[in-house]
Amino acid sequence: MYNALTNPAITTKLFNIFLLTFLCSPCISQTTYTKNFDTMDNRYFTKADFNSNFGKEMVSAITVYKRMANSGFKEYALATFDFVFTADTKDKLDSLAAFLTDNYGFTLEPPKKEKNLWVLQGDAIELPYSEDNLLFWAMDLYCKGYAFDCRLNGYGALTDPKHVRFENVENVRADSLLRKGMNALNKTNFGAAIIYFTTALRINPAMKTAFQARGYCKDEIHCWKAARMDYDKALEIDPNYVDALLIRATNKDDAGEHGAALEDYNKVIALDPINDLAYSNRGNTKFSLGDKKGACEDWAKAKSLDSPYAEARLSKECR
């Protein structure tokens with residue numbers, strides 16, 4: 001197995017590192033799935049560690065892919081990765097293992113004690129990989145590990161240049177891959193979802209829904225600039241695609257680009273005047289821009305459209 005963290009042998013040029021950093025950035029907060037490990041006083045994998053190692057993890061993914069390619073692996077060939085997580089207690093790895101089994105279809109071995117740490121090993125499902133696919137797949141696992149206070153400690157796949165296999169997509173419909181991607185997305189399996197959406201787009205490059213959904217997945221693993229590119233592509237296909245406009249506006253807001261976000265929210269509301277989420281979010285944007293009056297008006301409109309989010313902002317800011 002290629003261990004991306006303990007045996008990196010990084011040879012990637014600085015340009016590639018800067019490009020990866022441009023596409024992704026570490027999280028400020030992280031959603032948990034079964035236990036709120038983020039509130040613990042003594043985390044094994046701290047937020048500071050997560051942030052400081054985020055860029056290194058991206059470089060490691062590229063290094064693993066290049067090693068595979070040098071061994072005869074071809075772009076979009078099928079591969080089954082094995083992986084290792086570590087933690088300071090068994091129960092954290094048990095929780096992670098249960099999540100990965102139920103939502104990712106992974107095969108896990110029971111955690112084992114090695115010196116002062118617990119180790120979890122397993123095998124992923126077979127999927128087609130490119131350099132980008134592996135990057136996003138790995139970053140999803142990195143983020144999921146953090147959510148359970150476990151550290152992704154390595155991954156890899158054996159490659160045999162004489163037996164490289166590819167998925168036969170000639171008789172596969174893009175919409176069937178889109179459904180697979182949405183199913184993975186709904187299980188927060190963002191790495192697999194991105195791969196399914198990418199394969200769908202190889203078959204149908206004009207599938208705006210796949211671009212929008214893939215962007216959402218990239219946002220969820222903190223690759224917000226890569227996500228923006230997907231939203232932009234969806235809107236190149238359909239400039240009036242409300243779902244893409246709305247999520248791109250949120251992406252811009254999160255990046256502090258409130259003026260640009262406001263433009264997207266305005267267009268959403270022009271296209272869909274009863275979109276409660278657009279009014280609620282636009283209110284948040286106006287408030288960030290110092291327009292309290294406009295924010296309160298938008299939150300009031302969102303409340304009249306049965307928004308579940310507007311009441312709290314109205315009560316707090318608009319008395």
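A: Arg43 is buried, with a relative accessible area of 13%; buried means under 20% relative accessible area, exposed over 50%, and partly exposed in between (1.4 Å probe, protein chains only). The model is predicted, so local features need pLDDT of at least 70 and side-chain atom pairs count only at pLDDT 80 or more, while totals for chains, interfaces and linings use all residues. Residues are numbered from 1 along each chain as its sequence is written, and side-chain values use heavy atoms, with hydrogens and water left out.

The partner of Arg43 is Asp149, and the closest N and O atoms of this salt bridge are 3.4 Å apart. A salt bridge here is a side-chain nitrogen of Lys or Arg within 4 Å of a carboxyl oxygen of Asp or Glu. The pair links distant parts of the chain, 106 residues apart: Arg43 lies in the loop between α1 (14-23) and α2 (47-70), and Asp149 in the loop between α4 (131-147) and β7 (151-156). Helices (H or I, at least four residues) and strands (E, at least two) are DSSP runs, numbered from the N terminus. Asp149 is also buried, at a relative accessible area of 0%.

A second pair is Lys66 and Glu131, whose side chains meet in a salt bridge at 3.5 Å, N to O. Here helix α2, which holds Lys66, is linked to helix α4, which holds Glu131, across 65 residues of the chain. Both partners are partly exposed: Lys66 has a relative accessible area of 35%, and Glu131 has 27%.

Asp264 is in helix α10 (residues 258-271) and Arg248 in helix α9 (residues 242-254), 16 residues apart. Asp264 is buried, with a relative accessible area of 6%, and Arg248 counts as buried at 15%.

Shared partners also matter to the picture: Arg43, Asp88, Lys92 and Asp149 are joined by salt bridges into one network. In total, the model has 20 salt bridges.

A nonpolar core is a set of buried Ala, Val, Leu, Ile, Met, Phe, Trp, Tyr and Cys residues joined through side-chain atoms within 4.5 Å. The largest one has 87 residues, and Phe81, Phe85, Leu100, Tyr129, Trp137 and Tyr155 touch the most other members. With 11 residues, α4 gives the most to this core.
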